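I opened this one to go through a few helix contacts and some backbone angles. My notes follow, in the order I looked things up.

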Amino acid sequence: VTFDDFHKNSAKIIQVAVFGTDQESKRPKEEIKFVSNNLVVTSVDIRAVEPVDQRTRDSLQKSVTLAIEITTQSQEAAARREAERIEQEARGKLERQRIMDEAEAEKARRELLSLQAESSAVESTGQAKAEAIARAEAARIESEAAVQGARLRAEAQKIETESELERMNAARTADIRFAIENNNLEVEKAEKMAKIETDKFNQMVSALGKE
């Protein structure tokens, strides 16, 4: 009998253990009679079901408490990881938006400089026109370099954010797997200890019947 089955059907299991089973019908008996003193027992009231041995009881209680703590810690860790992931994504989006805004502003400034240079070129002649064109070209090159730098920074930030998210997801998966394995071990341990107590109880009932 597993630990879970025993707790769900403890009353029926104990009644069968005390009264026994009819050999012909294979159904639980409704009473037990002691020939030595003609005592007839027709019902069994169960006040409580717990291990007799104090160390076993303490160990079982500790296992159940530990399983609950592990489950709680696993849920808290998963929630914390999820919150960190959402926060990291938000920071990454804000940073990319800021870089894109800077790039757009730089692009607008470059266009303005180009228009200013063309206006100066129209108003000027000769050397003045050549100098205005040179300044415009220099400004264009500088602006393109700034735009390219902003684009590269945005790409680097995106790669860094994606890598961090992957690391956080891997860590969260490992935490959850560890908690599940620990829970399974604690449940298995509790089931084994419950079986030991059930076997002890069956032996005591058998001894009482023999008397």
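I started with Glu106 and Arg109, which sit 3 residues apart in helix H3, so about one helical turn separates them. Helices here are DSSP runs of H or I with at least four residues, strands are runs of E with at least two, and both are numbered from the N terminus. Before going further I noted that this is a predicted model, where local features need pLDDT of at least 70 and side-chain atom pairs count only at pLDDT 80 or more, while totals for chains, interfaces and linings use all residues. Residues are numbered from 1 along each chain as its sequence is written, and side-chain values use heavy atoms, with hydrogens and water left out.

The side chains of Glu106 and Arg109 form a salt bridge, with 2.7 Å from N to O. My criterion is a side-chain nitrogen of Lys or Arg within 4 Å of a carboxyl oxygen of Asp or Glu. Glu106 is buried at 17% relative accessibility, whereas Arg109 is partly exposed at 34%. For these words I use under 20% relative accessible area for buried, over 50% for exposed and partly exposed in between, with a 1.4 Å probe and protein chains only.

Next I checked Glu87 and Arg91. Their closest N and O atoms are 2.9 Å apart, and they make a salt bridge. These two are 4 residues apart in H3 (residues 54–123), again about one helical turn. Glu87 has a relative accessible area of 45% and is partly exposed; Arg91, at 44%, is partly exposed too. The spacing makes sense to me, because an α-helix has 3.6 residues a turn, so residues three or four places apart point the same way.

**Over to H4**

Which residue does Lys192 pair with in a salt bridge? I found Glu188, with the closest N and O atoms 3.4 Å apart. Both are in helix H4, 4 residues from each other, or about one turn of the helix. Lys192 is exposed at 52%, and Glu188 is partly exposed at 39%.

I also looked at Met204 in H4 (residues 127–210). Its relative accessible area is 52%, so Met204 is exposed.

**Network and total**

I then found Glu82, Arg85, Glu89 and Arg172 joined in a network of salt bridges. The overall count by this rule is 15 salt bridges.

**H2 and its end**

In helix H2 (residues 10–19) I noted Ser10, Ile14 and Phe19 as buried. They are on the same side of H2, because they cover an arc of only 140° around the axis. That arc is taken from the directions from the helix axis to the C-beta atoms. Just after H2, Gly20 has a positive phi of about 85°.

**Positive phi elsewhere**

Where is Lys26? I placed Lys26 in the loop between H2 and strand E1 (32–34). Its phi is positive, about 65°, although Lys26 is not a glycine. Lys26 is exposed at 60% relative accessibility.

Asn38 is in the loop between E1 and strand E2 (39–41). Its phi is near 60°, another positive value in a residue other than glycine. Asn38 is exposed as well, at 56%. I flagged these angles because most residues other than glycine have a negative phi.
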